[in-house]
Each structure stands twice: as C-alpha cells, then as structure tokens.
Amino acid sequence: MATNPNDIEKNKRLAALQPTTKKELALRSFTTQLTAGETLIVEGMPAEYGYFLLSGSVRVLRMNREGRVQVLARLGPGAPINFISLISKQKRNQSSVEAIQKSRFLVLSTSDFDDLRMHYPDFSACFLEIFADRMSRMTDLAAGLSLYTVRARLARFLMALADQSVQGDWTQDEIAAHIGTVRDVVGRLLREFEADGLIKRNRQQIFLLDREGLIRLSEDDS
Amino acid sequence: MNQNDLPEIDYARCDRCELCITSCPEDALMMTDQGPTFKLPHSCTYCLACENACPTAAIRAPLTVTWKSD
C-alpha cells in the first residue's frame, strides 16, 4: 500500500521535496511497523530497502571482530536508514538495525530509490544533503575526539541529556557509540564521576549534582 | 519496584550463554525455558553487570539523566 502523504509531510527533509516528487515517492514507497526488539535489517544481507524512521527509535548494531554485538548509533524520528548500503558497490547491509520501541518506517526499494534519484533532481539533492550532514556529524565527532577527552565528552553528553537537548533513555553502549568510546570506559567514568561527587546513581536514575564541576570537566581538553 | 525498573531482556537475541547469570553479583538471575529471568528481582541493584556481560546485546539497561533538585 502506498505511503500516506501525511507521513511524508511530517519528515522535514521529505516535506521540502517538489509536489510531483512527493507524489511519486508516496506511490513507490510503503510503511511498515516494528515492535520493540524486532529487527529491521541484518548486517551482511543484500541491501534491498532504504527507510525513513517515521516514529519511535532504533539502534544500529554491528558484530565486532571478537564476535560481540556493538551498538554503533541510536536514531530517532526523521532518520534515514540504510541508503548508503543501497548506493555502495557491495549492496550489502552495513549494519543491523532493530527497534528500541514500537517504530514506524517509510520503506523504499533499491530500484525505486535508484529511479527517483535518476529522474527527480530534488530527490537526489535531498540525499546529497543527507550524506553531507552525516559527513559533517562524523567531522564533528572526529574533532570532538581529537579536541576533548572522553571525560569531557561524557560530561557534555550527560548535561545535554539532563537539559533534554537529547531525548530518551540511553544504555551505556548507546552513550559510548554517541561520544566515540566503548561501553567499559563509560561504565568506569560513571563510577569515577560518582566518586568525585559530580553525579549520583540510583538504579537506572543518574542525578547530576554539580553543574559547575561538570561544566569545568566538559571543557577539559588536556 | 516494578518490571520497568529491571534491565530489559530480548529473548529473540539471547543465545542462552548464561554469562548474565554468572556475572550477576547478587545472583538475581536464573535460566528458564524462555531464557534468563529475574528470580530475585528485588536483589537486582541495576549494577549493569548483566548488560556488560551479554555478548549478543540482548540485555538493555537504559539510564535516565536528570539534574538533582535541592
């Protein structure tokens, strides 16, 4: 069944497309829904579809060399998923994606994605912007990795969560992926922050106690 | 405490390796036909050891972050 045009209008990037492009996208795409824990795509399998997350949240997973599953990213509404795999020469899913909560997706097949790219310049430009944004985020992350310590990046992220400029409940793995480190380091630093009186943990709750101390720490570039 | 206060276990991802059970310092987990289950939910301190031990990311222990109001 074709996508409801309202779903396209709710996505900031897709809403900016020309009316004819949106109409064609609605005709060629469809929507699907997953419940928490269900898998959208599996790493290494042929890349057959690209997705836009309409609602909910997902985590992006990849198997590391030791055979452990690692969280690479956590994505929220509006996020494009798996389009780089559709363009890549190998045409294989580069990672697995599963729903954290009940989530809805707009689904576009490889052939329809290619057709739209070829025949609708604004659609193609939309994806250039998406890839440019992703490149920019990676550059920011690389800059953060080289300019600030992992302690500073974690302090910044905790404050962003508490200030709700970043939404949701995050696991150590997801936090680690977001700030460019690994879960074990996040766990160790949370314990250190608690010992230093910056935070207090009570089961799944982390309370930030010392705003000035955290701000000082967030500027640590040594 | 309710179920929402415990780490979430995704049985579809779980490979029954029992590492979560052996890693739990409170011995709060046990293996059932379904997979690992909290036999002593009140013993769970949310220490995150089970999540850290799980090789298939089947255990998810989300954290919420807020400013402490005085």
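## Ground rules

Local features in this predicted model need pLDDT of at least 70, side-chain atom pairs count only at pLDDT 80 or more, and totals for chains, interfaces and linings use all residues. Residues are numbered from 1 along each chain as its sequence is written, chains are lettered from A and ligands numbered from 1 in the order in which they are written, and side-chain values use heavy atoms, with hydrogens and water left out.

## Aromatic rings

A pair of aromatic rings is described by the distance of the centres and the angle of the planes. Rings of Phe, Tyr and Trp (its six-membered ring) pair if their centres lie within 6.5 Å; planes under 30 degrees apart are stacked, over 60 edge-to-face, and the rest tilted. Over all chains, the structure holds 11 aromatic pairs. One of them joins A:Phe123 and A:Phe127, which are tilted, with 4.9 Å centre to centre and 55° between the planes. Both residues lie in helix H6 (residues 121–147) of chain A, 4 residues apart, or about one turn of the helix. Helices (H or I, at least four residues) and strands (E, at least two) are DSSP runs, numbered from the N terminus.

A:Phe127 also pairs with A:Phe131; this pair is tilted too, at 6.2 Å centre to centre and 55° between the planes. Again, 4 residues in helix H6 of chain A separate the two, about one helical turn. An α-helix has 3.6 residues a turn, so residues three or four places apart point the same way. Is A:Phe127 buried or exposed? A:Phe127 is buried, at 2% relative accessible area, while A:Phe131 is partly exposed at 22%. Here buried means under 20% relative accessible area, exposed over 50%, and partly exposed in between (1.4 Å probe, protein chains only). A:Phe52, A:Phe83, A:Phe113, A:Phe123, A:Phe127 and A:Phe131 form one aromatic cluster.

## Charges over rings

A charge sits over a ring if NZ of Lys or CZ of Arg is within 6 Å of the ring centre and within 35 degrees of the ring normal. The charged end of A:Arg74 sits over the ring of A:Trp170, 4.7 Å from its centre. A:Arg211 lies over the face of B:Trp67, at 3.9 Å from the ring centre.

Helix H7 (residues 150–162) of chain A has 13 residues. H7(A) is mostly covered, with 10 of its 13 residues buried. Among them are A:Arg153, A:Phe157 and A:Met159. After H7(A) comes A:Gln164, with a positive phi near 65°.

A:Phe105 belongs to strand S8 (residues 103–109) of chain A. A:Phe105 is buried, at 0% relative accessible area.

## A pocket in chain A

The second largest pocket is lined by 14 residues; A:Asn64, A:Gln70, A:Asp173, A:Val182 and A:Arg183 lie nearest its centre. On a 1 Å grid over the protein atoms alone, a pocket is an open set of points with protein on both sides within 12 Å along at least five of seven lines, a cavity is a set where a 1.4 Å probe fits but cannot get out, and lining residues have an atom within 4 Å of a point. Strand S5 (69–75), helix H8 (172–179) and helix H9 (183–195) of chain A each give two or more residues to this lining. The largest share, 4 residues, comes from S5(A).

Methods
Expected span 1.5 Å × (residues − 1).
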